[in-house]
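This report goes through one model, from side-chain pairs and helix packing to the makeup of a chain. The sequence and coordinates come next.

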2 protein chains.
Amino acid sequence: MSKDLQVANLNQLQAAPAGLDGNSPGATAPMDPGSELDDLERRAWRAFLSRHARVARILEADLLAHNDLPLAEFDVLFQLAVADGHRLRMNELANRVLLSRAGITRLVDRLVADGLVARAKCDVDARGSYAVLTDRGRVRLDEARPGHLTAVKRYFVESFSRAELETLAELMERSIPAN
Amino acid sequence: MSKDLQVANLNQLQAAPAGLDGNSPGATAPMDPGSELDDLERRAWRAFLSRHARVARILEADLLAHNDLPLAEFDVLFQLAVADGHRLRMNELANRVLLSRAGITRLVDRLVADGLVARAKCDVDARGSYAVLTDRGRVRLDEARPGHLTAVKRYFVESFSRAELETLAELMERSIPAN
DNA sequence: GTATAGTAGTTGCATGAGCAAGGATTTGCA
DNA sequence: TGCAAATCCTTGCTCATGCAACTACTATAC
């Protein structure tokens, strides 16, 4: 019996010429896709989405398999590690990890439960609190980091030349219209 | 009392110079980020992640607010609409929507419950089944599409020139190393 | 033609995320 | 000073997703 690993799906993404797979051409014709997005625009948009989905899933699975650490938790540990005093306000953490505040609260809860992070009161603002990297958290991070960075290189960075990375960074950093 | 809309977080992402937000510089120094990823590599990678997270969340929220339709469901309706016979095998659908097969099963379940999609047996392969767009699904899609495409343009496409879109598409379409 | 391996789809389970709302505190402004 | 509005974080709720395992069926090999 095969392992039926469903991530394997992702490897077929680029092939799939459509119309194969045994589907008989139905009676109705395909709908006109609409003129709102032209081919190039749609191509770029889909490629962007697809690339992200695939890379993100590979990295997540990789980190989970090798270090039993979800990507989001790794990211929190990393952000704390590079932060001044190995600590960050919850809000700031949420921004850096690209998560909602509610999400960060729960995520830090888990890390605290595992002893990888501690909470600390904020004296400047009684509403606030810090997440602080513990020694165990640091160890855990150091164990996971090399493998993860290797994976990031393999599945993202190495697809591009230096100049392309520069271009990519510049394009992706462009500001997004507010509201 | 404010609405406390947490998506607002995302608007701060580009600012956040770190060290503000009332955190006092702790006793310990920031850790060396490690030499595994240099500045440019990290910049490109983070920008890519950040861009995706922000655009995806904006589009999701937008579609949900205006059409009460999650992005994934919209995507399924759309993929079915452009498909031959307005129908697709579950597997193929999973690939196109960038979801696992399990995910697609559940998603189609929901759409069937809402009457937007129907299932059909596959005569060529008794294991398979089709998801078929219903009339209601088609109507629903047509209602949602203009707004969504406008949003895609606004928050993604219009950030780039034609040449840049071409570059972006080319870069993102590059194959990802297997395994 | 039968056994074995592989594939299509679904389901159990666990997890993770977001929004909305709430409590506590701080800020702004009258 | 005092009160309304904004901010920080948390919690209740709901929902969506992935993996692993399972059933049913097909393809392959012998």
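A residue counts as buried under 20% relative accessible area, as exposed over 50%, and as partly exposed in between. The model is predicted. Arg138(B) has a relative accessible area of 25%, so this residue is partly exposed. Asp142(B), at 38%, is partly exposed by the cut-offs given.

These two residues form a salt bridge, in which the closest N and O atoms of Arg138(B) and Asp142(B) are 3.4 Å apart. Both belong to helix H5 (residues 135-155) of chain B, and because they are four residues apart, about one helical turn separates them.

## Other salt bridges

Over all chains, a search of the whole structure finds 28 salt bridges. One of them pairs Arg174(B) with Glu164(A), with 2.7 Å between the closest N and O atoms. Arg174(B) lies in the segment after helix H6 (162-173) of chain B, while Glu164(A) lies in helix H6 (residues 162-173) of chain A, so this pair joins two chains. Glu164(A) counts as partly exposed, its relative accessibility being 21%.

Another salt bridge stays within chain B: Asp125(B) and Arg89(B) meet at 3.9 Å, N to O. This pair links distant parts of the chain, the two residues being 36 residues apart. Asp125(B) sits in the loop between strand E2 (117-121) and strand E3 (129-133) of chain B, and Arg89(B) sits in strand E1 (residues 87-89) of that chain. Both Asp125(B) and Arg89(B) are buried.

## Glu41(A) and its surroundings

Glu41(A) is found in helix H1 of chain A. With a relative accessible area of 10%, Glu41(A) is buried, because the cut-off is 20%. Leaving out residues up to four places away in sequence, Glu41(A) touches Glu36(A), Lys153(B), Val157(B), Arg162(B) and Leu165(B).

Salt bridges with shared partners also place Glu41(A) in one network with Asp38(A) and Arg162(B).

## Packing of H1(A) on H6(B)

The axis of helix H1 (residues 39-67) of chain A comes within 8 Å of the axis of H6(B), and the two cross at roughly 35 degrees. The crossing of H1(A) and H6(B) is left-handed.

From H1(A), the residues in this contact are Leu40(A), Glu41(A), Arg43(A), Ala44(A), Ala47(A), Phe48(A) and Arg51(A). On the H6(B) side they meet Arg162(B), Leu165(B), Glu166(B), Ala169(B), Glu170(B), Leu171(B), Met172(B) and Glu173(B). Sorted by class, the contact of H1(A) with H6(B) has eight nonpolar residues, seven charged ones and no polar ones.

## The largest nonpolar core

The largest nonpolar core has 50 residues, of which Trp45(A), Phe48(A), Trp45(B) and Phe48(B) touch the most other members. Elements giving two or more residues to this core come from both chains: H1, helix H5 (135-155) and H6 of chain A, and helix H1 (39-67), H5 and H6 of chain B.

Contacts of Trp45(B), not counting residues up to four places away in sequence, are with Val55(A), Leu59(A), Val152(A) and Phe156(A).

## Makeup of chain A

Chain A has six helices and three strands, which follow the pattern α-α-β-α-α-β-β-α-α along the sequence. Of its 179 residues, 45% count as buried. Among contacts in chain A between residues at least 6 apart in sequence, 52% join residues at least 24 apart.

## Helix H3 and strand E3 of chain A

Helix H3 (residues 90-97) of chain A is mostly covered, with seven of its eight residues buried. The buried residues are Met90(A), Glu92(A), Leu93(A), Ala94(A), Asn95(A), Arg96(A) and Val97(A). They pack against helix H2 (71-82), strand E1 (87-89), helix H4 (101-113), strand E2 (117-121) and strand E3 (129-133) of chain A, and against H1 of chain B. Just after H3(A), Leu98(A) has a positive phi of about 65 degrees.

Ser129(A) is placed in strand E3 of chain A. Its relative accessibility is 18%, so Ser129(A) counts as buried. Ser129(A) and Arg87(A) are 42 residues apart along the chain, and their C-alpha atoms are separated by 9.8 Å. Not counting residues up to four places away in sequence, Ser129(A) touches Leu88(A), Arg89(A), Met90(A), Ala120(A) and Cys122(A).

How values were computed
Residues are numbered from 1 along each chain as its sequence is written. Chains are lettered from A and ligands numbered from 1 in the order in which they are written. This is a predicted model: local features need pLDDT of at least 70, side-chain atom pairs count only at pLDDT 80 or more; totals for chains, interfaces and linings use all residues. Side-chain values use heavy atoms; hydrogens and water are left out. A salt bridge is a side-chain nitrogen of Lys or Arg within 4 Å of a carboxyl oxygen of Asp or Glu. Buried means under 20% relative accessible area, exposed over 50%, partly exposed in between (1.4 Å probe, protein chains only). Axes are lines fitted to C-alpha atoms, for helices over the stretch in contact, and angles run from 0 to 180 degrees between N-to-C directions. A crossing is left-handed if the near helix is turned anticlockwise from the far one by less than a right angle, and right-handed if clockwise. Contact means heavy atoms within 4.5 Å. Ala, Val, Leu, Ile, Met, Phe, Trp, Tyr, Cys and Pro count as nonpolar, Asp, Glu, Lys and Arg as charged, and the others, Gly among them, as polar. A nonpolar core is a set of buried Ala, Val, Leu, Ile, Met, Phe, Trp, Tyr and Cys residues joined through side-chain atoms within 4.5 Å.
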